[in-house]
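Me: I am new to this structure and would like to learn how to read its features. Please take me through a few of them.

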Amino acid sequence: MRLPRLCGLVLAGGKSRRLGEDKSFLDFHGKPQYAHAADLLSRECAQVLISVRQDQDLPASYTLLPDDDPGLGPFGAILTALSAHPDSAWLVLAVDLPLFDLEALRVLVAHRNPDKIVTAFVHNEWPEPLAAIWEPAALQKLRTFKTAGNYSPTDLLRQADIETVVPARTEWLLNVNRPEDLDQVRAILQARG
């Protein structure tokens, strides 16, 4: 059996309410975070798309994928990508994970198990659906959850037979949701020099 092609999906469609500014445009690495994440995924993925809201305005130099179900958050974005390209696997990366780096990416890809519907890092004993590889077989599970009215990718992973990977560094999964998270990430990056 041929391994499904691996594509990248940057989740950039959130409204960033808790942070108070669009996380997609935060600059931690000399460019907006959406561009950094897309460029990072391109190192291991055949194609990279950026999941956006219908009203978001990102440069045409990136391939944008508007959510088919904008009210469903990350769940809708992952479902949209798998529905649009059902023969591809998707390495999903949330735009608010600025410390997810090339090492993290390569660890996740190296542990990919195409016989499971998802390969995900584990964070605080929970699978992290927004730093994970979603195989084509996940599409049916997503559709079943949607029909049942459950739009939580975390719930889906907790109930499914998935491959889990323990991150070598927990900071890979440190997300920027609030101003204090932003300060913490900036302090880590400043300490690195």
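**Reading the model**

Reply: This is a predicted model. Start with R53, which counts as buried because its relative accessibility is 17%, and buried means under 20%.

Me: Where is R53 placed, and which residues does R53 touch?

Reply: R53 is in the loop between β2 (48-52) and β3 (63-66). Leaving out residues up to four places away in sequence, R53 touches G13, G14 and K15.

Me: How do I read helix α2, and which of its residues are buried?

Reply: An α-helix has 3.6 residues a turn, so residues three or four places apart point the same way. Here, α2 covers residues 73-84, and its 12 residues reach 17 Å from the first C-alpha to the last, close to the expected 16 Å. The buried residues in α2 are F75, G76, A77, I78, L79, T80, A81 and L82.

Me: Which residues of the largest nonpolar core touch the most other members?

Reply: That core has 58 residues, and V10, F100, V118, W134 and L156 touch the most other members. Apart from it lies another core, of 9 residues, including L19 and V185. Beyond four places in sequence, F100 has contacts that include H36, L93, F121 and W172.

Me: How many disulfides are there?

Reply: A disulfide is a covalent bond between the sulfur atoms of two cysteines. A search of the whole structure finds 0. For C7, the nearest cysteine sulfur is that of C45, 7.1 Å away.

Key:
Residues numbered from 1 in each chain as written. Predicted model: local features only at pLDDT ≥ 70, side-chain atom pairs only at ≥ 80, totals over all residues. Heavy atoms only, no water. Helix = DSSP H or I, 4+ residues; strand = E, 2+ residues; numbered from the N terminus. Buried < 20%, exposed > 50% of the residue type's maximum accessible area, 1.4 Å probe, protein only. Contact = heavy atoms within 4.5 Å. Expected span 1.5 Å × (residues − 1). Core = buried A, V, L, I, M, F, W, Y, C linked by side-chain atoms within 4.5 Å. Disulfide = S-S within 2.5 Å.
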